[in-house]
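This report describes selected features of the structure shown below.

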Amino acid sequence: MHAGASPSRGLAAGVAIVISLNACGAPPPDAASLLKQSSQRMLGLNGFHFQMQISGFTGPDEPVQSAQGDAHPPALHARVNLKEGGILLEVEVIFAAGNIYLKSFTGGWQQLTPDQVAQFFDARTLFDPQLGLFAAMRDTSAAARGNAEKVNGHDTYPIAGQVSGARMHQLLALIRDQGSYRATYWVETQGSNLWRARLTGNLFDAAKPATITFDFSNHDHPVSTTPPPLG
Amino acid sequence: MITPFRPPRLRSVNRTVLLGLTGAGLFLASLDAYVVVTALLPMLKSVNIAVNRPEQATPIITGFLLGYLAIMPMAGGLSDRFGRLRLFAVCLVLFAFGSLLTATAPSLAQLVTGRVLQGAGGGALVPAVLALAADLYPAGDRSPVLGAVSALQEIGSVLGPLWGGLITASSFGWTWIFWINIPAAALLLWALWPEVRAGGEERRPANLDWLGALLATAGLSLLTLALYAATPEQSPVGDGFIWQLPAAIVCFGLFVWHERRTPHPLINVRRFRDSSFTGSALTNAIAGAGLMVALVYIPVLANAVFSMNASSAALLLFRLMLGIPVGALLGGFLAQRLRSYRFVAALGLLLAAVGFLMLSGWNEGSLTPHLLGSPLTVADGELLLTGFGLGLEIAPVSAALLDAVGETERGAGASFLIVMRLVGMLVGFSLVAGFSLWEFHRATAHLIPPLPGLNPNFATQYAIYVLKVKQAIFDEYHLIFRATAVALFIGALLAALTLRPLPRPRWR
């Protein structure tokens, strides 16, 4: 004899479905919303530490190889490694009170004009609210979220998409403003902190690939810069 | 202390082959002792460290020395307890693993870790192979074999910078200095494996002074940290100097206190009451510091101001290294002939000091003038003289220390000699690195580079700036070489005042 589904069994199945739905939690926001949230979060911080590393092809007009420092846009204090004639040289830059300061191989601080700093690495635009990386996050097209990954011990969602060449050229003038480039952002699952961003493509030469990787840490630790003593 | 014994099984195998294989391992490790001095700049570049942050290269050198020093005093006892070949095998694996870490390092931290492990693995091979040689040959026949093993190690360390320079300048690049160690170590292990696995060696309880070794290593590590000028533009010593130096002194104090009480000390500290022992130990350390300064700064000078590549820089240093074995051979002969340790040791250190004084006069044209119409240049002669002087003191200083410790502590005395030389290298180099960079930053504090756009005649101004920087680098090197010369003069004085004459030969 075939017994029909009893009311108690149906109730149990219903409870199980409710419990399992609750256990799974609300589904994460879509990739575009996550990028917007993270962009807002990063622009609202009191400061952060960053490391930027360029790998792949860089020509003689792109001397910058890496940079690391602290920023609270537009304030920034960083050590920058430049490639000069096959060797690496470290310089220190400060952006404070609307001015640019440089400390080179020898000697103390000197003030630079915007034209001079643009010749090697104008870091002011990197994190600019309108032109920089966090603004580019909002303009990333075809964004898709991957499975959660750990970055520096934090749970993040990798979100990959495309950013136009013109947009990338705005955040770093050394980048070619043609075509589009692949961008991947690792956004923390809780709190939307951006922990890593990677920009890939033929960034500095039409036929040779390069990658720029940004790693972020010390989110929201206060950063401020003051003009250093000259000389 | 190494205790010789005669394991019956090992005596049955071809001892020449066994010693040849282990000697090859020792040679491999000794090649790597100073191999990095001609590869420092490309190594730094590959871990993204700029050429104007040379202080970050210091741990690549001091890390190896520290690893070597940490394991060395224990290695003899460990080889007693576990067997020479087993210790040899374990340490060769450690050395190869350190080489792998160094070759694949994406960061300075891994590079330094790799070098520390290389040092620890390589450092233990010396006593292990010496003890194996002592096991394989009876007392009467042992001396030439031990001499050959020691010579192999010395030749390896002399050739190391040249080896490193040639590989670095080749299309292979610096990483192959370390990659090559891995198949070479694997091949040696494969050849030795039947003997290692058979475990035919006799093992005997050894009294290992773990606490003594720990205290000495902690003291040396703290001292190295205290002297490491991570920000030489601000300070010639480390940021934690204020607490690290006293902590190091406390560790050394506890070490001496412990060594006086323990029944099996690493070194009999009561020997320091003997002026000949103390004098030879300190002289040995000063000579080690002098050698290290030459090893590091001659290739860097060649690179930075003479614009030489790694192989040319290595060849320049090789002239100095060539003088060392010549001096070492003659030093032993002369000390015996003149029956004076103090005269030959003091003469060697004096010649080395004069050599460094000559080097301290170098400028951009110093590499070209020829020596009395010969194919050698004046610079060649100065380098050879410096190396010759550093070699001349080795035999008399070593013999004076070994005479001071007596028959029963000769093994520990021999280890102590190597340890003191390495301590001199470590401390001397750390001091010189910090103070010289601090002085360079002080001298160039107001030398601001011209920038294109601000100066209408930028090219001329930049050329003048480059000349001024080169002069500042020369001034820095002059200071380093003069300070080393002063230290060697003090060493010469110490040797002349403290070393005892040769004892009368006693026939048994």
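A:Asn218 is partly exposed, with a relative accessible area of 44%. The model is a predicted one, and A:Asn218 lies in the segment that follows strand E12 (208-217) of chain A. Although A:Asn218 is a residue other than glycine, its phi is positive, near 50°.

A positive phi, about 50°, also occurs at A:Asn152, which is not a glycine. A:Asn152 belongs to the loop that links strand E8 (149-151) to strand E9 (154-164) of chain A.

A:Pro74 is placed in the loop between strand E2 (64-72) and strand E3 (75-84) of chain A.

## Overall composition of chain A

The secondary structure of chain A comprises 5 helices and 12 strands. Of the 231 residues in chain A, 45% are buried.

## Helices H4 and H6 of chain B

In chain B, helix H4 (residues 58-82) packs against helix H6 (residues 108-136), with the axes 6 Å apart and at an angle of about 30°. The crossing of H4(B) past H6(B) is right-handed. The residues of this contact comprise 16 nonpolar, 8 polar and 1 charged.

## Helices H10 and H11 of chain B

Helix H10 (residues 210-227) of chain B crosses helix H11 (residues 241-261) of chain B at roughly 160°, and their axes come within 8 Å. Angles over 145 degrees count as roughly antiparallel, and H10(B) and H11(B) are therefore roughly antiparallel to each other. The crossing of H10(B) past H11(B) is left-handed. The residues of the contact between H10(B) and H11(B) divide into 19 nonpolar, 4 polar and 1 charged.

On the H10(B) side, the residues that meet H11(B) include B:Leu211, B:Leu215, B:Ala218, B:Leu222 and B:Leu225, together with the glycines B:Gly212 and B:Gly219. Among their counterparts in H11(B) are B:Phe241, B:Trp243, B:Ala248, B:Phe252 and B:Phe255, as well as B:Gln244, B:His258 and B:Glu259.

B:Asp32 occupies the loop between helix H2 (15-31) and helix H3 (40-46) of chain B. Is this residue buried or exposed? The relative accessible area of B:Asp32 is 0%, and B:Asp32 is therefore buried, the cut-off being under 20%.

Which residues does B:Asp32 touch, leaving aside those up to four places away in sequence? They are B:Phe64, B:Phe95, B:Ser99, B:Arg115, B:Gln118, B:Ile177, B:Phe178 and B:Asn181. Of these, B:Phe64 falls within the residue range of H4(B) and both B:Arg115 and B:Gln118 within that of H6(B). B:Val250, by contrast, is 218 residues from B:Asp32 in sequence and 33 Å from it in space, C-alpha to C-alpha.

Notes: Residues are numbered from 1 along each chain as its sequence is written. Chains are lettered from A and ligands numbered from 1 in the order in which they are written. This is a predicted model: local features need pLDDT of at least 70, side-chain atom pairs count only at pLDDT 80 or more; totals for chains, interfaces and linings use all residues. Side-chain values use heavy atoms; hydrogens and water are left out. Helices (H or I, at least four residues) and strands (E, at least two) are DSSP runs, numbered from the N terminus. Buried means under 20% relative accessible area, exposed over 50%, partly exposed in between (1.4 Å probe, protein chains only). Axes are lines fitted to C-alpha atoms, for helices over the stretch in contact, and angles run from 0 to 180 degrees between N-to-C directions. A crossing is left-handed if the near helix is turned anticlockwise from the far one by less than a right angle, and right-handed if clockwise. Ala, Val, Leu, Ile, Met, Phe, Trp, Tyr, Cys and Pro count as nonpolar, Asp, Glu, Lys and Arg as charged, and the others, Gly among them, as polar. Angles under 35 degrees count as roughly parallel, over 145 as roughly antiparallel, 65 to 115 as roughly perpendicular and the rest as oblique. Contact means heavy atoms within 4.5 Å.
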